Amino acid sequence: MRTRTAGTSRRTSAARAAVAAMAVLVLGLATACGGGDSGDGDKPAKPDAAADATAEANDPKDPGQVSEPPALEEQPKTVDPKVKGVGAGGGKELTETELAAAVLATGDVSTFKVDPMDGPPAQGENADDPACAPLTSMINGKPEPLASAAVYRQLLGARTGRPAISEFLTTHGTQGAVSLLSRLGDAVKACEDGFKGSGAGGSSTYSAVKRIDVPKAGDDTLAYQVTGDFEGDPVPLVFHVVRVGGTVATFYTANLEGTATPEIPSILLATQAAKLK
């Protein structure tokens with residue numbers, strides 16, 4: 001537990017409510033919220049960010065206490081041998097139906113359940129610096145070059161509903177997918193001192209961008225953190241990206257409870273890569 005003054009805590013609560021609203025509206029990320037098992041065709045209910053913000057502001061608990069997220073449970077060490085590839089490794093451009101069959105599902109990784117998730121809204125953020133545009137396109141849930149097909153899923157810890165991780169699986173063709181990761185890597189370097197984004201919902205400040213080490217999966221892998229700056233409070237947003245042929249899997253999560261870099265288990269990337277090959 002980190003102790004803060006009541007005034008700082010209230011400001012932090014408002015800041016984290018703001019980024020929670022962004023995460024819900026842009027990528028549909030559920031913060032420690034459960035949902036029904038995948039396969040029943042029902043969409044999980046999205047949390048009401050405004051209601052959450054109001055509830056947090058009226059929380060009768062000690063306002064000087066801010067908790068850290070719980071540690072991840074132990075993850076599988078290897079990909080489940082029952083997971084079979086769909087043949088996307090040769091550069092095949094998958095259709096939306098094929099992506100839906102290839103994306104992670106409940107049972108692929110024993111420590112996670114998977115729910116359907118709505119795609120992002122039509123309007124997202126634009127970066128003030130064109131060099132940082134690949135970063136806002138990922139925050140928008142629409143990696144560029146734009147995909148010919150995409151599916152969106154929500155991954156939740158099977159026992160506790162935590163962590164909550166969003167995944168979007170997109171088809172770009174091999175050349176487009178290679179370009180996507182190359183441009184994204186360039187943006188991480190060019191925008192390490194931060195950037196601003198703006199859109200219909202207002203403006204956002206990102207104070208820093210840094211690359212994160214991650215075990216390789218598929219044909220290419222990139223992981224990085226974008227630190228949101230909300231009224232002076234840092235909010236870490238983490239993206240792990242893996243390419244198999246012309247298909248790109250993006251995993252996204254955020255730490256809404258502290259400043260530590262949130263974890264995305266590497267078994268998710270390895271299993272998704274195996275399911276695509």
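1. V151 stands opposite L169 in β6. Helices (H or I, at least four residues) and strands (E, at least two) are DSSP runs, numbered from the N terminus.

2. The note concerns a predicted model, in which local features need pLDDT of at least 70 and side-chain atom pairs count only at pLDDT 80 or more, while totals for chains, interfaces and linings use all residues. Residues are numbered from 1 along each chain as its sequence is written, and side-chain values use heavy atoms, with hydrogens and water left out.

3. β5 and β6 form a hairpin with six residues between them. In the turn, G161 has a positive phi of about 80°. Strand β5 (residues 149–157) is mostly covered, with eight of its nine residues buried. Here buried means under 20% relative accessible area, exposed over 50%, and partly exposed in between (1.4 Å probe, protein chains only).

4. β5 also pairs with β3: five bridges join the two strands, which run antiparallel. Within this pairing, D115 stands opposite Q154 in β5. D118 lies in the loop between β3 and β4. At 35% relative accessibility, D118 counts as partly exposed. D118 and Q154 are 36 residues apart in sequence, and their C-alpha atoms are 9.3 Å apart in space.

5. These strands belong to an open sheet of nine, in the order β3-β5-β6-β11-β10-β9-β8-β7-β4, with antiparallel pairing. β3 (112–116) and β4 stand at the edges with a single partner strand each, so one side of each has no neighbour in the sheet. Strands β10 (residues 233–244) and β11 (residues 247–254) pair in the antiparallel sense over eight bridges. R243 has V248 in β11 as its bridge partner.

6. Helix α5 packs on the sheet, touching β6 (164–171), β8 (202–211), β9 (220–230), β10 and β11. Contact means heavy atoms within 4.5 Å. The direction of α5 makes about 45° with that of β9; axes are lines fitted to C-alpha atoms, for helices over the stretch in contact, and angles run from 0 to 180 degrees between N-to-C directions.

7. The structure holds one disulfide, defined as a pair of cysteine sulfur atoms within 2.5 Å. It is formed by C132 and C191, whose sulfur atoms are 2.0 Å apart. The link of C132 and C191 is left-handed, with -110° about the S-S bond. C132 lies in the loop between β4 (126–127) and α4 (133–139), and C191 in the loop between α5 (173–190) and β7 (195–199), so the pair ties together parts that are 59 residues apart in sequence. Both C132 and C191 are buried.

8. Helix α6 (residues 266–276) is largely enclosed by the rest of the structure, because eight of its 11 residues are buried. These are I267, L268, L269, T271, Q272, A273, K275 and L276.

Definitions and conventions: Pairing = 2+ DSSP bridges.
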